[in-house]
Amino acid sequence: MKTYEQVDSYMQEVGLKYIKSTNDFLTGLAIRTNKDYTQKIAQELNSRASRQNSSNSYFYQIKNEHFDGSIFVSAAFDGGVFRHIGNLILDNPEIFKGKVVDFACDCGIVTCFIAKMYPDCHVVGIDINQLAVDNAIKLAEKLELNNVEFICSDVYDVKFEEKADTLTSFRGLLDVCMKNTSGLPFFGERKWREEQYKNAFLDYAEVMKANLNEGGYVLCVERYTAEYGWQGWLEALKEKGINAVTDKCELMRASDISSVKEYSVSLLQYNNSESSPVSVIDDVLSKGFKSSTGYEGYMAEYALYNDTDGEINFYDVFNNETDKIIHQFAISKAKSGKIITYEASANKKKIKYLNPKKKDVAQKAITDKLDVYNDDKFTVNQYSIRV
């Protein structure tokens, strides 16, 4: 990734460096902090990696117990995405004017970057964690910034008399809305699934509306992507009159110490001309789509909805005890005349294209898989939608 010189310079000034391995991370953390802090961070990261009970709020609490430690942890796990965000901020100077509010700002790395790059702006960072706010204030003092302030508050309690010209949310949506999104489906018919995410996000979208000037902007980089949740977030904002700028929405991939992660990028404007969230996301995904190609993940779902000619026949399997969807199958005819088969579960989404002569074979394969769920513990909902 090529970054602006201003981004690289800021990252060096703050102390954000690429860290190549877990050993380098733990050694560097111990040098900058102390043994007890390093052990707590290591234990929490191991717990998260093994998918044991782990609270995001607890992680951010211990992360921010030490200023240098908080910055270094951010370097290891978020340095890549911070560089991308820095580029975005410099690519869109027209939205950084007047008052800018950064929700869920953590230790203020991005908030301070905005303030440094746009000294004529008044920037406000908000986070629920007092230790994070204290570290953000220390960072602003270190950088000698006088156009930024930080407030410790739950974002749902924020109501400014002087509204913002731009609101930002960088990787905050997951944490801010976690209580509302807990247990929501990873897969299922797209409109049904994303409606649930929209409802879960509405309270946060209302906070955005209540604190934004007419014509103001919202810039988000979030961990909810086209896989699930992104459409629901755009739908929630749209319901509040905040509409996506289609050509400014995209997918972002960024590296951290352990993997490459994907993020959704959304630029929206309050009382802008309306845009369709489905069309916005489909426009993003269409750029990399090839018909009659087997896909996995969200591109499989995109292919099903956008390469079908006519109806899609769905078979959704629900666990009667939990009332949760556990498996989904679908079959349709592609625009090319081929047969499309689709399968989704908790850890996969996959699509195949088959010769039209194999339609009966494909249908029987779905029937055979559904037979596994043929008892009182499960319910199979069969339905069709036209696309």
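**View 1. D323 sits in the loop between β9 (308-319) and β10 (324-334).** Helices here are DSSP runs of H or I with at least four residues, strands are runs of E with at least two, and both are numbered from the N terminus. Keep in mind that this is a predicted model, where local features need pLDDT of at least 70, side-chain atom pairs count only at pLDDT 80 or more, and totals for chains, interfaces and linings use all residues. Residues are numbered from 1 along each chain as its sequence is written, and side-chain values use heavy atoms, with hydrogens and water left out. D323 isn't a glycine, yet its phi is positive, at about 60°. D323 is also exposed, with a relative accessible area of 59%. For that label, exposed means over 50% relative accessible area, buried means under 20%, and partly exposed is in between (1.4 Å probe, protein chains only).

**View 2. E144 is another non-glycine residue with a positive phi, about 60°.** Look for E144 in the loop that runs between α7 (130-142) and β3 (148-152). Is E144 buried or exposed? With a relative accessible area of 71%, E144 counts as exposed.

**View 3. S273 belongs to the loop between β8 (260-270) and α12 (277-286).** S273 is exposed, and its relative accessible area is 54%. Now find V245: S273 and V245 are 28 residues apart in sequence, but their C-alpha atoms are 8.8 Å apart in space.

**View 4. N56 is part of helix α4 (residues 56-63).** This one is buried, at a relative accessible area of 14%. Which residues touch N56, if we skip its neighbours within four places in sequence? They are R48, L174, D175 and M178, where contact means heavy atoms within 4.5 Å.

**View 5. Cysteines without partners: the structure has zero disulfides.** C107 is in no disulfide, and the nearest cysteine sulfur, that of C105, is 8.3 Å away. To count as a disulfide, a pair of cysteine sulfur atoms has to be within 2.5 Å. C107 is buried, with a relative accessible area of 2%.

**View 6. Strands β11 (residues 339-345) and β12 pair up in the antiparallel sense, over seven bridges.** Two strands pair if DSSP finds at least two bridges between them. A hairpin of two residues joins β11 to β12, and Y342 stands opposite I351 in β12. Follow the side chains along β12 (residues 348-354) and you'll see them alternate.

**View 7. Helix α14 (residues 359-371) has a buried side made of A362, I366 and L370.** These residues cover an arc of only 80° around the axis, so they sit on the same side of α14; the arc is that of the directions from the helix axis to the C-beta atoms. An α-helix has 3.6 residues a turn, so residues three or four places apart point the same way. What covers the buried residues of α14 includes β9, β10, β11, β12 and β13 (378-386). On the face turned away from the buried side are the exposed residues D360, V361 and K364.
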